[in-house]
There are 2 protein chains.
Amino acid sequence: MSHNMVAIAGRLREAGYRVTPQRQLILDSICAQGGHVTPEAVYEHVRTIAPTLSQATVYRTLHFLTEQGILTITQVDGGRFGYELAGPEPHHHLVCRACQASIELSHATLRPLYHAIEAQHDFAIDMNHVTFFGLCADCRHVARR
Amino acid sequence: MSHNMVAIAGRLREAGYRVTPQRQLILDSICAQGGHVTPEAVYEHVRTIAPTLSQATVYRTLHFLTEQGILTITQVDGGRFGYELAGPEPHHHLVCRACQASIELSHATLRPLYHAIEAQHDFAIDMNHVTFFGLCADCRHVARR
DNA sequence: ATGGATGCAAAAGTTTTGCAAAGAA
DNA sequence: TTCTTTGCAAAACTTTTGCATCCAT
């Protein structure tokens, strides 16, 4: 999935914010790495292109873009955060503990659970991202041997 | 829910580990606070009883007891960790973003989802703890006004 | 030109580690 | 006595913040 920089730039400018090379680079980087990216990974990647771009800018930009609804936070193993482009519909991930593979999970799969929880507990889950950890197909088969 | 210190102590000794006052205090503290406790909260609480007990010991003990299957890690808002006694069956939590209330969720509620994911993706989730964030019944009603 | 954004460096917060001393078995 | 565990302090990491400067608009 690619991002539409023109549309994003428009949204930002309309809200009175600026479209800087740093912000574009950081977005490009997240996109290039396919989402689920930690601040550190963004920094390391972006640094190869713009060596003076600071870590502070990475953190500030990630927060900012999340606040603007352009990125969303995902949980990453070890309690750290990952970021990725916010899609129009929430979606989720399965992450393999063995090989780190990341599999997309449609929101449709979780919807029944959300509804069940709402019915049982009158509780409205508002997470647009859930990450489940476990073993992927390949790694399960290896483990079984 | 209370913990059975005699049984836990036996398990540890059997495995060649020692049952120290610090370990007992830390377990007591987690139990007293009802689970979902951060390392910091454990430290602050235990400190009032044993002022010389160090943060390092808290961290080491939490890791150790988790490794021994006596505690489990739960996710806490903000990417930090919480700990609680490991029960015989996995269970989960709903945490209210507004009032921080923590509601227990039986594993039965999640089982259909786990099965669906296994059927669809041949992926075996191995999380014995999932935390969903959202709004609890009370806070939803307040928000609605 | 104007005010938002960046870079640098220092600070703040959290978790880990080395090592000598203490203490459970 | 033996070998695990603790306390202390320093180190390692990650994230945040202050402030002068820069630059997108």
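1. How many residue pairs are in polar contact between chain B and chain A? The count is 14 residue pairs, both residues at pLDDT 80 or more. A polar contact here is a pair of N or O atoms within 3.5 Å; within protein, one must be able to donate a hydrogen and the other to accept it, and residues adjacent in sequence count only if both atoms are side-chain atoms.

2. Some ground rules. This is a predicted model, in which local features need pLDDT of at least 70 and side-chain atom pairs count only at pLDDT 80 or more, while totals for chains, interfaces and linings use all residues; side-chain values use heavy atoms, with hydrogens and water left out. Residues are numbered from 1 along each chain as its sequence is written, and chains are lettered from A and ligands numbered from 1 in the order in which they are written.

3. The fold of chain A. Chain A has six helices and six strands. Helices (H or I, at least four residues) and strands (E, at least two) are DSSP runs, numbered from the N terminus. Along the sequence the pattern reads α-α-α-α-β-β-β-β-α-β-β-α. The C-alpha atoms of chain A fill a box of roughly 45 × 40 × 25 Å along the principal axes.

4. The extent of the protein contact. The size of an interface is often given as the accessible area lost when the parts come together. Here the buried area is about 2,800 Å², and carbon and sulfur atoms give 62% of that area. Buried area is the accessible area (1.4 Å probe) that two parts lose on being put together, summed over both.

5. Charged pairs. Six salt bridges link chain B and chain A. A salt bridge is a side-chain nitrogen of Lys or Arg within 4 Å of a carboxyl oxygen of Asp or Glu. One pair in a salt bridge is Arg97(A) with Asp126(B), whose closest N and O atoms are 2.8 Å apart.

6. Ala, Val, Leu, Ile, Met, Phe, Trp, Tyr, Cys and Pro count as nonpolar, Asp, Glu, Lys and Arg as charged, and the others, Gly among them, as polar.

7. An open sheet of four strands runs in the order S4(A)-S3(A)-S6(A)-S5(B), with mixed pairing. Its edge strands are strand S4 (102-106) of chain A and S5 of chain B, each pairing on one side only. Strand S6 (residues 131-135) of chain A pairs with S5(B) in the antiparallel sense over two bridges. Two strands pair if DSSP finds at least two bridges between them. Gly134(A) stands opposite Ile125(B) in S5(B).

8. DNA strand C. Of the 21 residues around DNA strand C, those that come nearest are Arg18(A), Thr57(A), Arg13(B), Arg18(B) and Tyr59(B). A residue is near a strand if one of its heavy atoms lies within 4 Å of it. Sugar and phosphate account for 65% of the atoms of DNA strand C that come within 4 Å of the protein. A polar side-chain atom of Arg13(B) lies 2.5 Å from a phosphate oxygen. A polar backbone atom of Ser54(A) is 3.3 Å from a phosphate oxygen. Arg60(B) reaches a base instead: an N or O atom in the Arg60(B) side chain is 3.4 Å from a base oxygen. H4(B) gives the most to this surface, with five residues.

9. DNA strand D. Sugar and phosphate make up 69% of the atoms of DNA strand D that come within 4 Å of the protein. The Arg23(B) side chain has an N or O atom 2.7 Å from a phosphate oxygen. For the Thr57(B) side chain, the distance from an N or O atom to a phosphate oxygen is 2.7 Å. A polar side-chain atom of His63(A) lies 3.4 Å from a phosphate oxygen. H4(A) gives the most to this surface, with five residues. The residues there divide into seven nonpolar, seven polar and eight charged.
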